[in-house]
Amino acid sequence: MVSRRLYALFGLLATLVGMAVGHFTASLLNADSSPVLAVGSGVIDRTPVSMKEWAIKQFDTDGFSVGPFDFAAGNYDKVVLIGSVFVGVGVLALVAGLITRIRFAYGATMLVVLVLVAAGAVVDRPAFEALDLVPVVLTAIAGVASLWWLHRTAHGLPLDPRARSTVEIAKAEGATAPAVSATSAAGKRRATLTDRPVPSEDDAEDEIVISPGAVTTEPRPSRRGVLIAGAVLAAAAAVLGSAGKLINNLRARAEDITLPQPAVGEAAPVLPTDLHATYSGITPLQVSNADFYRVDTRLDTPVVSSDGWTLKIDGDVENPFELTFDELLAMPMVERDITLTCVSNSVGGKYVGGARWLGVPLQAILDRAKPGSGVDQMVATDFDGMTIGTPYDLLTDGREAIVAVGMNGQELPREHGFPARIIVPGLYGFISATKWVTKLTFTTYAETEVYWTERKWATRAPIKPSARIDTPKALTTVKPGKVLVGGVAWAQDNGGVTKVQVKVDGGEWTDATTGDDVNNVYWRQWYAEVDIDAGQHTVAARVVDGDGMTQTDVRAEPFPGGSSGIHSVLFSVG
Ligand SMILES: Nc1nc2c(c(=O)[nH]1)N[C@H]1C(S)=C(S)[C@@H](COP(=O)(O)O)O[C@H]1N2
Ligand SMILES: [Mo]
(Lines give C-alpha, C1' and ligand atoms only; values in the text may rest on other atoms or scores of the structure.)
(Ligands and ions follow the chains in the order given, each with its own letter.)
Protein backbone atom coordinates (compact mmCIF):
# COMPACT_ATOMS: atom_id res chain seq x y z
CA MET A 1 0.00 0.00 0.00
CA VAL A 2 2.61 2.55 0.99
CA SER A 3 4.59 2.29 -2.16
CA ARG A 4 7.40 4.61 -3.16
CA ARG A 5 5.03 6.30 -5.54
CA LEU A 6 2.60 7.06 -2.77
CA TYR A 7 5.30 8.54 -0.55
CA ALA A 8 6.35 10.78 -3.41
CA LEU A 9 2.75 11.84 -3.97
CA PHE A 10 2.45 12.72 -0.29
CA GLY A 11 5.31 15.16 -0.74
CA LEU A 12 3.69 16.69 -3.80
CA LEU A 13 0.27 17.00 -2.19
CA ALA A 14 1.70 18.51 0.99
CA THR A 15 3.64 21.03 -1.08
CA LEU A 16 0.55 21.98 -3.08
CA VAL A 17 -1.40 22.52 0.15
CA GLY A 18 1.42 24.69 1.48
CA MET A 19 1.53 26.73 -1.72
CA ALA A 20 -2.24 27.20 -1.74
CA VAL A 21 -2.25 28.28 1.91
CA GLY A 22 0.58 30.73 1.22
CA HIS A 23 -1.09 32.12 -1.89
CA PHE A 24 -4.41 32.48 -0.08
CA THR A 25 -2.88 34.26 2.92
CA ALA A 26 -0.93 36.51 0.59
CA SER A 27 -4.14 37.44 -1.23
CA LEU A 28 -5.50 38.66 2.10
CA LEU A 29 -2.37 40.49 3.22
CA ASN A 30 -0.28 41.57 0.28
CA ALA A 31 -0.32 39.67 -2.97
CA ASP A 32 3.33 40.36 -3.41
CA SER A 33 4.22 38.15 -0.48
CA SER A 34 2.92 35.00 -2.17
CA PRO A 35 5.86 32.58 -1.87
CA VAL A 36 5.21 31.20 -5.36
CA LEU A 37 5.19 34.65 -6.96
CA ALA A 38 8.23 35.71 -4.96
CA VAL A 39 10.21 32.71 -6.15
CA GLY A 40 9.06 33.35 -9.73
CA SER A 41 10.07 37.01 -9.55
CA GLY A 42 13.37 36.10 -7.97
CA VAL A 43 14.07 33.72 -10.83
CA ILE A 44 13.09 36.34 -13.41
CA ASP A 45 15.36 38.93 -11.81
CA ARG A 46 18.27 36.50 -11.87
CA THR A 47 17.86 35.09 -15.34
CA PRO A 48 20.61 36.24 -17.67
CA VAL A 49 19.49 38.53 -20.48
CA SER A 50 20.67 36.11 -23.14
CA MET A 51 18.40 33.40 -21.79
CA LYS A 52 15.46 35.80 -21.67
CA GLU A 53 16.09 36.84 -25.25
CA TRP A 54 16.16 33.23 -26.27
CA ALA A 55 13.00 32.49 -24.35
CA ILE A 56 11.23 35.51 -25.83
CA LYS A 57 11.78 34.04 -29.26
CA GLN A 58 10.71 30.54 -28.29
CA PHE A 59 7.81 31.21 -26.01
CA ASP A 60 6.08 34.45 -26.76
CA THR A 61 2.94 34.72 -24.68
CA ASP A 62 -0.06 36.83 -23.82
CA GLY A 63 -0.19 35.79 -20.19
CA PHE A 64 -1.32 32.50 -18.77
CA SER A 65 -2.49 30.79 -15.66
CA VAL A 66 -1.38 27.71 -13.82
CA GLY A 67 -4.15 26.63 -11.48
CA PRO A 68 -5.00 29.60 -9.32
CA PHE A 69 -1.98 31.59 -10.38
CA ASP A 70 -2.63 34.18 -13.06
CA PHE A 71 0.51 35.35 -14.75
CA ALA A 72 0.69 38.65 -16.47
CA ALA A 73 1.19 38.94 -20.17
CA GLY A 74 4.61 40.09 -21.19
CA ASN A 75 7.37 39.23 -23.52
CA TYR A 76 9.66 37.87 -20.90
CA ASP A 77 10.11 34.23 -21.05
CA LYS A 78 7.68 33.99 -18.15
CA VAL A 79 6.17 30.74 -19.31
CA VAL A 80 9.50 29.00 -19.42
CA LEU A 81 10.71 30.45 -16.17
CA ILE A 82 7.58 29.79 -14.21
CA GLY A 83 7.13 26.46 -15.88
CA SER A 84 10.61 25.49 -14.73
CA VAL A 85 9.94 26.78 -11.23
CA PHE A 86 6.78 24.67 -11.02
CA VAL A 87 8.47 21.60 -12.42
CA GLY A 88 11.50 22.10 -10.17
CA VAL A 89 9.41 22.56 -7.04
CA GLY A 90 7.29 19.58 -8.06
CA VAL A 91 10.31 17.32 -8.43
CA LEU A 92 11.79 18.45 -5.12
CA ALA A 93 8.41 17.90 -3.47
CA LEU A 94 8.26 14.36 -4.82
CA VAL A 95 11.77 13.73 -3.53
CA ALA A 96 10.88 15.17 -0.12
CA GLY A 97 7.95 12.77 -0.02
CA LEU A 98 10.15 9.84 -0.95
CA ILE A 99 12.62 10.75 1.74
CA THR A 100 9.96 10.54 4.44
CA ARG A 101 10.05 6.84 3.68
CA ILE A 102 13.47 6.73 5.29
CA ARG A 103 12.51 9.06 8.07
CA PHE A 104 9.71 11.53 8.32
CA ALA A 105 11.94 14.22 9.77
CA TYR A 106 14.26 14.12 6.75
CA GLY A 107 11.49 14.71 4.25
CA ALA A 108 9.89 17.36 6.42
CA THR A 109 13.25 19.12 6.73
CA MET A 110 13.57 19.12 2.99
CA LEU A 111 10.15 20.75 2.65
CA VAL A 112 11.15 23.37 5.21
CA VAL A 113 14.35 24.05 3.28
CA LEU A 114 12.26 24.55 0.13
CA VAL A 115 10.08 27.04 1.99
CA LEU A 116 13.20 28.77 3.33
CA VAL A 117 14.29 29.38 -0.25
CA ALA A 118 10.88 30.95 -0.89
CA ALA A 119 11.32 32.99 2.30
CA GLY A 120 14.62 34.24 0.92
CA ALA A 121 12.86 35.29 -2.27
CA VAL A 122 10.16 37.11 -0.29
CA VAL A 123 12.70 38.92 1.90
CA ASP A 124 14.64 39.83 -1.22
CA ARG A 125 11.72 41.76 -2.80
CA PRO A 126 12.59 45.46 -2.70
CA ALA A 127 9.44 46.44 -0.80
CA PHE A 128 9.68 43.63 1.75
CA GLU A 129 8.07 44.14 5.15
CA ALA A 130 7.92 41.77 8.11
CA LEU A 131 4.24 40.95 7.59
CA ASP A 132 5.16 39.43 4.21
CA LEU A 133 6.66 36.51 6.12
CA VAL A 134 3.26 35.35 7.38
CA PRO A 135 2.34 33.54 4.13
CA VAL A 136 5.72 31.78 4.05
CA VAL A 137 5.47 30.66 7.65
CA LEU A 138 1.95 29.35 7.05
CA THR A 139 3.17 27.61 3.90
CA ALA A 140 5.75 25.74 5.96
CA ILE A 141 3.29 24.85 8.70
CA ALA A 142 0.58 23.72 6.28
CA GLY A 143 3.05 21.74 4.18
CA VAL A 144 4.65 19.88 7.07
CA ALA A 145 1.31 19.31 8.83
CA SER A 146 -0.19 17.85 5.65
CA LEU A 147 2.80 15.62 5.16
CA TRP A 148 2.56 14.50 8.77
CA TRP A 149 -1.11 13.71 8.44
CA LEU A 150 -0.64 11.67 5.27
CA HIS A 151 2.35 9.89 6.71
CA ARG A 152 0.69 8.97 9.99
CA THR A 153 -2.54 7.91 8.32
CA ALA A 154 -0.69 5.72 5.88
CA HIS A 155 0.97 3.99 8.80
CA GLY A 156 -2.17 3.65 10.85
CA LEU A 157 -0.43 5.72 13.48
CA PRO A 158 -2.18 8.29 15.62
CA LEU A 159 -1.64 11.90 14.62
CA ASP A 160 -0.38 12.66 18.08
CA PRO A 161 2.76 10.56 18.55
CA ARG A 162 2.18 10.45 22.29
CA ALA A 163 -1.27 8.95 21.90
CA ARG A 164 -1.92 5.27 21.70
CA SER A 165 -2.63 3.80 18.35
CA THR A 166 -6.04 2.50 17.42
CA VAL A 167 -4.59 -0.95 17.60
CA GLU A 168 -3.50 -0.54 21.18
CA ILE A 169 -6.85 0.84 22.12
CA ALA A 170 -8.56 -2.05 20.46
CA LYS A 171 -6.28 -4.43 22.30
CA ALA A 172 -6.78 -2.77 25.59
CA GLU A 173 -10.50 -3.08 25.12
CA GLY A 174 -10.09 -6.76 24.45
CA ALA A 175 -11.38 -6.67 20.93
CA THR A 176 -9.92 -8.95 18.33
CA ALA A 177 -7.47 -6.58 16.77
CA PRO A 178 -6.80 -7.04 13.09
CA ALA A 179 -3.24 -5.98 13.61
CA VAL A 180 -1.41 -6.51 16.77
CA SER A 181 1.82 -4.69 16.78
CA ALA A 182 1.94 -1.03 17.51
CA THR A 183 4.05 1.49 19.26
CA SER A 184 3.43 2.83 22.68
CA ALA A 185 4.20 6.20 24.06
CA ALA A 186 7.65 5.05 24.96
CA GLY A 187 8.18 3.62 21.53
CA LYS A 188 8.35 0.15 22.97
CA ARG A 189 7.07 -2.79 21.10
CA ARG A 190 3.89 -4.16 22.59
CA ALA A 191 3.36 -7.39 20.84
CA THR A 192 4.31 -9.28 17.82
CA LEU A 193 2.96 -12.46 16.41
CA THR A 194 5.94 -13.36 14.34
CA ASP A 195 9.37 -14.53 15.26
CA ARG A 196 11.03 -11.77 13.32
CA PRO A 197 13.40 -9.60 15.32
CA VAL A 198 11.53 -6.76 16.89
CA PRO A 199 12.03 -3.77 14.68
CA SER A 200 12.51 -0.34 16.08
CA GLU A 201 9.78 2.19 15.65
CA ASP A 202 11.53 3.73 12.70
CA ASP A 203 11.94 0.42 11.02
CA ALA A 204 8.32 -0.28 11.52
CA GLU A 205 7.52 2.92 9.73
CA ASP A 206 9.91 2.10 6.96
CA GLU A 207 8.79 -1.33 6.17
CA ILE A 208 5.10 -1.19 5.96
CA VAL A 209 4.23 -3.58 3.25
CA ILE A 210 0.82 -5.04 3.14
CA SER A 211 1.03 -8.30 1.41
CA PRO A 212 -0.71 -11.56 2.17
CA GLY A 213 1.08 -13.19 5.04
CA ALA A 214 2.59 -10.08 6.53
CA VAL A 215 -0.72 -8.61 7.41
CA THR A 216 -0.71 -8.86 11.11
CA THR A 217 2.80 -7.87 12.04
CA GLU A 218 2.62 -4.13 11.55
CA PRO A 219 0.33 -1.29 12.42
CA ARG A 220 -2.41 -1.46 9.86
CA PRO A 221 -2.36 1.44 7.48
CA SER A 222 -5.79 2.51 6.49
CA ARG A 223 -6.28 2.71 2.75
CA ARG A 224 -9.50 4.54 3.40
CA GLY A 225 -7.82 6.92 5.83
CA VAL A 226 -5.16 7.80 3.31
CA LEU A 227 -7.75 8.34 0.62
CA ILE A 228 -9.77 10.60 2.88
CA ALA A 229 -6.74 12.58 4.04
CA GLY A 230 -5.57 12.92 0.45
CA ALA A 231 -8.97 14.03 -0.76
CA VAL A 232 -9.41 16.51 2.08
CA LEU A 233 -5.98 18.02 1.43
CA ALA A 234 -6.47 18.17 -2.34
CA ALA A 235 -9.85 19.82 -1.83
CA ALA A 236 -8.36 22.28 0.67
CA ALA A 237 -5.60 23.18 -1.78
CA ALA A 238 -8.12 23.69 -4.58
CA VAL A 239 -10.51 25.75 -2.45
CA LEU A 240 -7.80 27.95 -0.92
CA GLY A 241 -6.08 28.39 -4.26
CA SER A 242 -9.33 29.43 -5.94
CA ALA A 243 -10.28 31.67 -3.03
CA GLY A 244 -6.91 33.39 -3.31
CA LYS A 245 -7.48 33.90 -7.00
CA LEU A 246 -10.98 35.26 -6.41
CA ILE A 247 -9.77 37.69 -3.74
CA ASN A 248 -6.93 38.86 -5.98
CA ASN A 249 -9.40 39.44 -8.82
CA LEU A 250 -11.75 41.37 -6.54
CA ARG A 251 -8.91 43.52 -5.31
CA ALA A 252 -7.81 44.16 -8.87
CA ARG A 253 -11.14 45.67 -9.92
CA ALA A 254 -10.75 49.16 -11.29
CA GLU A 255 -11.35 52.09 -8.97
CA ASP A 256 -14.04 54.57 -9.84
CA ILE A 257 -12.00 57.64 -10.73
CA THR A 258 -13.31 60.79 -12.38
CA LEU A 259 -10.52 62.03 -14.59
CA PRO A 260 -10.03 65.77 -14.95
CA GLN A 261 -10.31 67.48 -18.34
CA PRO A 262 -7.17 68.64 -20.13
CA ALA A 263 -6.42 72.33 -19.57
CA VAL A 264 -7.68 74.79 -22.18
CA GLY A 265 -5.77 74.29 -25.44
CA GLU A 266 -4.14 71.08 -24.17
CA ALA A 267 -6.62 68.51 -25.51
CA ALA A 268 -5.20 66.24 -28.20
CA PRO A 269 -6.56 66.97 -31.68
CA VAL A 270 -9.06 64.60 -33.26
CA LEU A 271 -7.23 61.62 -34.77
CA PRO A 272 -7.10 61.40 -38.58
CA THR A 273 -8.85 58.63 -40.50
CA ASP A 274 -7.85 55.21 -39.21
CA LEU A 275 -6.63 53.10 -42.16
CA HIS A 276 -7.45 50.04 -40.08
CA ALA A 277 -11.14 50.55 -40.97
CA THR A 278 -10.52 50.32 -44.73
CA TYR A 279 -7.44 48.15 -44.94
CA SER A 280 -8.00 45.29 -42.62
CA GLY A 281 -4.83 43.82 -41.21
CA ILE A 282 -3.23 47.19 -40.47
CA THR A 283 -2.98 47.84 -36.72
CA PRO A 284 -5.53 50.38 -35.41
CA LEU A 285 -4.16 53.91 -35.20
CA GLN A 286 -4.98 53.95 -31.50
CA VAL A 287 -4.57 50.67 -29.65
CA SER A 288 -7.33 50.00 -27.11
CA ASN A 289 -6.35 49.61 -23.48
CA ALA A 290 -7.34 45.96 -23.58
CA ASP A 291 -5.13 45.25 -26.60
CA PHE A 292 -2.17 47.39 -25.59
CA TYR A 293 1.05 45.42 -25.19
CA ARG A 294 2.27 44.90 -21.68
CA VAL A 295 5.88 44.49 -20.61
CA ASP A 296 7.14 44.49 -17.06
CA THR A 297 8.93 42.32 -14.56
CA ARG A 298 5.76 41.47 -12.64
CA LEU A 299 4.12 38.09 -12.43
CA ASP A 300 0.91 39.52 -11.05
CA THR A 301 -1.12 42.61 -11.84
CA PRO A 302 -0.12 45.06 -9.13
CA VAL A 303 -3.02 46.51 -7.19
CA VAL A 304 -2.03 49.96 -6.00
CA SER A 305 -4.83 51.90 -4.34
CA SER A 306 -5.09 55.59 -5.23
CA ASP A 307 -6.08 56.14 -1.63
CA GLY A 308 -2.90 56.63 0.32
CA TRP A 309 -0.80 56.70 -2.86
CA THR A 310 1.67 59.55 -3.08
CA LEU A 311 4.30 60.71 -5.51
CA LYS A 312 7.40 61.76 -3.64
CA ILE A 313 9.93 64.10 -5.22
CA ASP A 314 13.36 63.92 -3.65
CA GLY A 315 17.09 63.65 -4.22
CA ASP A 316 19.21 66.62 -5.24
CA VAL A 317 16.38 69.17 -5.40
CA GLU A 318 15.85 72.56 -3.81
CA ASN A 319 12.27 71.75 -2.81
CA PRO A 320 11.45 68.14 -2.08
CA PHE A 321 7.70 67.51 -1.89
CA GLU A 322 5.02 64.88 -1.99
CA LEU A 323 1.74 64.83 -3.94
CA THR A 324 -1.40 62.85 -3.14
CA PHE A 325 -3.44 61.48 -6.02
CA ASP A 326 -6.03 64.25 -5.58
CA GLU A 327 -3.30 66.88 -5.59
CA LEU A 328 -1.89 65.42 -8.78
CA LEU A 329 -5.34 65.38 -10.41
CA ALA A 330 -5.82 69.03 -9.43
CA MET A 331 -2.76 70.11 -11.44
CA PRO A 332 -3.19 71.38 -15.03
CA MET A 333 -3.46 68.40 -17.37
CA VAL A 334 -2.30 67.85 -20.93
CA GLU A 335 -3.48 65.20 -23.36
CA ARG A 336 -0.94 63.74 -25.81
CA ASP A 337 -0.82 61.02 -28.45
CA ILE A 338 2.41 59.10 -27.91
CA THR A 339 3.63 55.76 -29.25
CA LEU A 340 5.33 53.66 -26.60
CA THR A 341 7.98 51.14 -27.66
CA CYS A 342 9.79 48.40 -25.79
CA VAL A 343 13.53 47.94 -26.14
CA SER A 344 13.02 44.18 -26.27
CA ASN A 345 10.82 44.46 -29.33
CA SER A 346 12.47 42.55 -32.12
CA VAL A 347 12.25 43.78 -35.72
CA GLY A 348 8.59 43.40 -36.74
CA GLY A 349 7.57 42.65 -33.13
CA LYS A 350 4.43 43.63 -31.28
CA TYR A 351 5.78 45.50 -28.25
CA VAL A 352 4.87 48.90 -29.55
CA GLY A 353 1.59 50.78 -29.36
CA GLY A 354 -0.02 54.18 -29.85
CA ALA A 355 -2.31 55.62 -27.18
CA ARG A 356 -3.69 58.92 -25.89
CA TRP A 357 -2.25 59.85 -22.52
CA LEU A 358 -3.63 62.36 -20.03
CA GLY A 359 -1.33 63.71 -17.37
CA VAL A 360 0.70 66.44 -15.75
CA PRO A 361 3.74 67.71 -17.65
CA LEU A 362 6.87 66.64 -15.79
CA GLN A 363 8.08 70.19 -16.33
CA ALA A 364 5.57 71.43 -13.75
CA ILE A 365 7.18 69.10 -11.23
CA LEU A 366 10.72 70.13 -12.21
CA ASP A 367 9.76 73.79 -11.89
CA ARG A 368 8.59 73.24 -8.35
CA ALA A 369 11.36 70.85 -7.23
CA LYS A 370 14.29 72.67 -8.87
CA PRO A 371 16.84 69.86 -9.37
CA GLY A 372 20.49 70.76 -8.71
CA SER A 373 22.97 71.37 -11.50
CA GLY A 374 24.80 68.09 -10.85
CA VAL A 375 21.77 65.92 -11.59
CA ASP A 376 22.18 63.63 -14.60
CA GLN A 377 19.58 60.94 -13.89
CA MET A 378 15.96 60.84 -12.81
CA VAL A 379 15.28 57.62 -10.95
CA ALA A 380 11.61 56.67 -10.84
CA THR A 381 10.70 54.08 -8.19
CA ASP A 382 7.55 52.00 -8.41
CA PHE A 383 5.34 50.95 -5.48
CA ASP A 384 7.45 47.81 -5.05
CA GLY A 385 10.84 49.46 -5.12
CA MET A 386 11.64 48.63 -8.75
CA THR A 387 13.62 51.46 -10.35
CA ILE A 388 13.90 52.97 -13.82
CA GLY A 389 16.46 55.66 -14.70
CA THR A 390 16.06 58.37 -17.35
CA PRO A 391 18.93 60.55 -18.58
CA TYR A 392 18.15 64.00 -17.23
CA ASP A 393 19.38 65.82 -20.35
CA LEU A 394 17.03 63.77 -22.55
CA LEU A 395 14.15 64.55 -20.21
CA THR A 396 14.73 68.25 -20.53
CA ASP A 397 15.74 68.62 -24.19
CA GLY A 398 12.35 69.92 -25.23
CA ARG A 399 10.45 66.65 -25.40
CA GLU A 400 7.34 66.68 -23.25
CA ALA A 401 7.46 64.03 -20.54
CA ILE A 402 4.30 63.51 -18.54
CA VAL A 403 3.14 61.93 -15.31
CA ALA A 404 0.18 60.14 -16.84
CA VAL A 405 -3.06 59.25 -15.08
CA GLY A 406 -5.26 58.56 -18.11
CA MET A 407 -4.99 56.27 -21.13
CA ASN A 408 -7.37 56.53 -24.09
CA GLY A 409 -9.95 58.48 -22.11
CA GLN A 410 -9.91 56.18 -19.08
CA GLU A 411 -7.93 55.95 -15.87
CA LEU A 412 -4.77 53.90 -16.34
CA PRO A 413 -5.59 50.19 -16.32
CA ARG A 414 -3.83 48.41 -13.46
CA GLU A 415 -1.68 46.55 -16.01
CA HIS A 416 -0.48 49.87 -17.36
CA GLY A 417 0.43 51.57 -14.12
CA PHE A 418 -2.58 52.78 -12.12
CA PRO A 419 -2.67 55.24 -10.41
CA ALA A 420 0.16 56.99 -12.29
CA ARG A 421 3.05 56.33 -14.63
CA ILE A 422 5.69 58.25 -16.51
CA ILE A 423 5.58 58.63 -20.29
CA VAL A 424 8.54 60.17 -22.14
CA PRO A 425 8.18 60.49 -25.92
CA GLY A 426 11.03 59.00 -27.94
CA LEU A 427 12.64 56.86 -25.22
CA TYR A 428 12.19 53.13 -24.85
CA GLY A 429 9.90 52.19 -21.98
CA PHE A 430 12.63 50.58 -19.87
CA ILE A 431 14.41 53.92 -19.37
CA SER A 432 11.30 56.05 -19.07
CA ALA A 433 7.80 54.64 -18.75
CA THR A 434 7.70 53.69 -15.04
CA LYS A 435 4.33 52.23 -14.08
CA TRP A 436 2.84 52.37 -10.56
CA VAL A 437 5.33 55.16 -9.91
CA THR A 438 5.63 56.48 -6.34
CA LYS A 439 8.88 58.41 -6.29
CA LEU A 440 11.05 60.56 -8.54
CA THR A 441 14.59 60.96 -7.30
CA PHE A 442 16.93 63.43 -8.98
CA THR A 443 20.40 61.98 -8.75
CA THR A 444 23.40 60.84 -10.78
CA TYR A 445 24.36 57.66 -12.61
CA ALA A 446 27.41 57.44 -10.36
CA GLU A 447 25.22 57.42 -7.30
CA THR A 448 22.34 55.19 -8.28
CA GLU A 449 22.22 52.10 -10.43
CA VAL A 450 18.73 51.09 -11.52
CA TYR A 451 17.22 47.69 -12.26
CA TRP A 452 18.11 47.37 -15.94
CA THR A 453 21.45 49.09 -15.61
CA GLU A 454 22.43 46.39 -13.14
CA ARG A 455 21.55 43.97 -15.91
CA LYS A 456 23.78 45.78 -18.38
CA TRP A 457 21.09 47.27 -20.58
CA ALA A 458 21.85 50.66 -22.10
CA THR A 459 21.28 53.80 -20.04
CA ARG A 460 20.69 56.09 -23.03
CA ALA A 461 18.22 54.42 -25.34
CA PRO A 462 16.29 56.55 -27.78
CA ILE A 463 13.76 54.58 -29.85
CA LYS A 464 15.17 53.42 -33.18
CA PRO A 465 13.08 54.22 -36.28
CA SER A 466 11.34 51.19 -37.73
CA ALA A 467 8.62 50.09 -40.14
CA ARG A 468 6.55 47.02 -39.41
CA ILE A 469 4.55 44.96 -41.89
CA ASP A 470 1.21 43.93 -40.37
CA THR A 471 -0.22 42.39 -43.54
CA PRO A 472 0.36 39.99 -45.21
CA LYS A 473 1.29 37.81 -42.29
CA ALA A 474 4.41 35.69 -42.59
CA LEU A 475 3.96 32.31 -44.28
CA THR A 476 0.35 32.93 -45.31
CA THR A 477 -1.14 32.65 -48.78
CA VAL A 478 -2.97 35.61 -50.28
CA LYS A 479 -5.19 35.89 -53.36
CA PRO A 480 -3.60 36.83 -56.66
CA GLY A 481 -4.10 40.27 -58.15
CA LYS A 482 -3.38 43.44 -56.20
CA VAL A 483 -1.83 42.46 -52.89
CA LEU A 484 -2.26 44.78 -49.92
CA VAL A 485 0.93 45.33 -47.98
CA GLY A 486 0.53 47.53 -44.93
CA GLY A 487 1.49 48.30 -41.37
CA VAL A 488 2.82 50.99 -39.07
CA ALA A 489 6.10 52.88 -38.83
CA TRP A 490 7.63 55.05 -36.13
CA ALA A 491 10.56 57.39 -35.57
CA GLN A 492 9.64 59.17 -32.32
CA ASP A 493 13.15 60.40 -31.57
CA ASN A 494 14.00 61.31 -35.17
CA GLY A 495 11.39 63.82 -36.17
CA GLY A 496 8.63 61.40 -36.99
CA VAL A 497 7.77 59.44 -40.12
CA THR A 498 8.11 61.22 -43.47
CA LYS A 499 7.90 58.28 -45.76
CA VAL A 500 7.59 54.51 -45.81
CA GLN A 501 9.02 52.46 -48.66
CA VAL A 502 8.37 48.87 -49.69
CA LYS A 503 10.35 46.44 -51.76
CA VAL A 504 9.10 43.19 -53.28
CA ASP A 505 11.70 40.44 -53.70
CA GLY A 506 14.85 41.89 -55.29
CA GLY A 507 13.04 44.93 -56.78
CA GLU A 508 13.36 48.65 -56.20
CA TRP A 509 12.28 50.48 -53.06
CA THR A 510 9.03 52.29 -53.85
CA ASP A 511 7.05 54.77 -51.77
CA ALA A 512 4.02 53.48 -49.92
CA THR A 513 0.95 55.59 -49.15
CA THR A 514 1.01 56.91 -45.60
CA GLY A 515 -1.96 57.71 -43.41
CA ASP A 516 -2.32 61.28 -42.16
CA ASP A 517 0.33 62.20 -39.64
CA VAL A 518 -0.70 62.47 -35.99
CA ASN A 519 2.54 63.96 -34.65
CA ASN A 520 6.26 63.20 -34.60
CA VAL A 521 6.11 61.00 -31.53
CA TYR A 522 3.23 58.91 -32.82
CA TRP A 523 3.39 56.05 -35.26
CA ARG A 524 2.03 56.33 -38.78
CA GLN A 525 0.02 53.83 -40.75
CA TRP A 526 1.01 52.98 -44.31
CA TYR A 527 0.05 50.69 -47.17
CA ALA A 528 0.89 49.79 -50.75
CA GLU A 529 -1.09 47.76 -53.23
CA VAL A 530 1.27 45.79 -55.41
CA ASP A 531 0.83 43.48 -58.38
CA ILE A 532 2.52 40.23 -57.53
CA ASP A 533 2.58 37.01 -59.54
CA ALA A 534 1.62 33.67 -58.09
CA GLY A 535 4.38 31.98 -56.11
CA GLN A 536 6.51 32.72 -53.09
CA HIS A 537 7.58 36.28 -52.39
CA THR A 538 9.29 38.46 -49.85
CA VAL A 539 8.20 41.97 -49.06
CA ALA A 540 10.27 44.40 -47.01
CA ALA A 541 9.48 47.85 -45.57
CA ARG A 542 11.55 50.71 -44.22
CA VAL A 543 10.91 54.16 -42.83
CA VAL A 544 12.42 57.49 -43.78
CA ASP A 545 12.41 59.71 -40.70
CA GLY A 546 11.85 63.43 -40.19
CA ASP A 547 15.58 64.08 -40.37
CA GLY A 548 15.57 62.54 -43.88
CA MET A 549 17.44 59.45 -42.75
CA THR A 550 16.53 56.08 -44.19
CA GLN A 551 16.15 53.26 -41.68
CA THR A 552 19.30 51.23 -41.32
CA ASP A 553 19.45 47.66 -42.59
CA VAL A 554 22.16 46.79 -40.06
CA ARG A 555 20.80 44.08 -37.82
CA ALA A 556 20.99 44.45 -34.07
CA GLU A 557 19.48 42.35 -31.30
CA PRO A 558 17.26 44.09 -28.70
CA PHE A 559 20.04 43.87 -26.08
CA PRO A 560 21.36 46.30 -24.96
CA GLY A 561 19.87 49.31 -26.74
CA GLY A 562 17.09 48.14 -29.07
CA SER A 563 16.83 46.06 -32.24
CA SER A 564 17.48 47.32 -35.75
CA GLY A 565 17.22 45.92 -39.25
CA ILE A 566 14.59 45.76 -41.95
CA HIS A 567 11.36 43.88 -41.41
CA SER A 568 10.59 41.49 -44.23
CA VAL A 569 7.85 38.95 -44.66
CA LEU A 570 7.83 35.76 -46.70
CA PHE A 571 4.41 34.84 -48.08
CA SER A 572 2.72 33.14 -51.05
CA VAL A 573 0.37 34.33 -53.74
CA GLY A 574 -1.92 31.69 -55.20
N1 LIG B 1 7.16 49.58 -12.58
C2 LIG B 1 7.51 49.17 -13.81
N3 LIG B 1 7.34 50.00 -14.84
C4 LIG B 1 7.68 49.62 -16.09
C5 LIG B 1 8.23 48.35 -16.32
C6 LIG B 1 8.42 47.49 -15.21
O7 LIG B 1 8.90 46.36 -15.34
N8 LIG B 1 8.04 47.94 -13.97
N9 LIG B 1 8.55 47.98 -17.61
C10 LIG B 1 8.85 49.06 -18.53
C11 LIG B 1 8.96 48.64 -19.91
S12 LIG B 1 10.31 47.69 -20.33
C13 LIG B 1 8.11 49.07 -20.88
S14 LIG B 1 8.42 48.76 -22.50
C15 LIG B 1 6.86 49.79 -20.54
C16 LIG B 1 5.68 49.06 -21.09
O17 LIG B 1 4.49 49.71 -20.72
P18 LIG B 1 3.12 48.98 -20.96
O19 LIG B 1 3.18 47.66 -20.27
O20 LIG B 1 2.06 49.88 -20.43
O21 LIG B 1 2.99 48.79 -22.46
O22 LIG B 1 6.70 49.91 -19.15
C23 LIG B 1 7.88 50.22 -18.44
N24 LIG B 1 7.50 50.49 -17.09
MO1 LIG C 1 10.44 47.58 -22.47
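## Working through a predicted model

Lys370 sits in the loop that runs between helix 12 (362-369) and strand 7 (377-382). Keep in mind that this is a predicted model.

**Exercise 1.** Look at the backbone of Lys370: is its phi positive or negative?

*Solution.* Start by finding the residue in the loop between helix 12 and strand 7. Then read off the torsion: phi of Lys370 is near 55°. That's a positive value, and the residue isn't a glycine.

**Exercise 2.** Find out which residues come nearest to ligand 1, and which atoms make its polar contacts.

*Solution.* Begin with the neighbours. There are 20 residues around ligand 1, and Tyr293, Asp382, His416, Arg421 and Lys435 come nearest.

Next, take three of these residues and check their N and O atoms against a cut-off of 3.5 Å.

- Lys435: a polar side-chain atom lies 2.5 Å from an oxygen atom of the ligand.
- Tyr293: here a polar backbone atom is involved, 2.7 Å from a ligand oxygen.
- Asp382: an N or O atom of the side chain is 2.9 Å from a nitrogen atom of ligand 1.

On its own, ligand 1 has 530 Å² of accessible area, and the protein covers 100% of it.

**Exercise 3.** Trace the partners of strand 3: which strands does it bridge to, and in which direction do they run?

*Solution.* Take one partner at a time.

Strand 3 (residues 310-315) and strand 4 (residues 321-324) run antiparallel and are joined by four bridges. For one pair to click on, Thr310 stands opposite Thr324 of strand 4. The link between the two strands is a hairpin of five residues.

Now turn to strand 12 (residues 437-443), which is parallel to strand 3 and joined to it by four bridges. Here Ile313 faces you with Leu440 of strand 12 as its opposite number.

**Exercise 4.** Work out the strand order of the five-stranded open sheet, and say which strands are at its edges.

*Solution.* Walk across the sheet and you pass the strands in the order 14-21-20-16-17, with mixed pairing. The ends of that walk are strand 14 (477-478) and strand 17 (510-511), edge strands that each pair on one side only.

Inside the sheet, zoom in on strand 16 (residues 497-504) and strand 20 (residues 535-545): these run antiparallel, with seven bridges between them. Val497 has Asp545 in strand 20 as its bridge partner.

Conventions:
Residues numbered from 1 in each chain as written. Chains lettered and ligands numbered in written order. Predicted model: local features only at pLDDT ≥ 70, side-chain atom pairs only at ≥ 80, totals over all residues. Heavy atoms only, no water. Near = heavy atom within 4 Å. Polar contact = N/O pair within 3.5 Å; in protein donor to acceptor, adjacent residues only side chain to side chain. Areas by Shrake-Rupley, 256 points an atom, 1.4 Å probe, with all protein chains shown as cover. Pairing = 2+ DSSP bridges.
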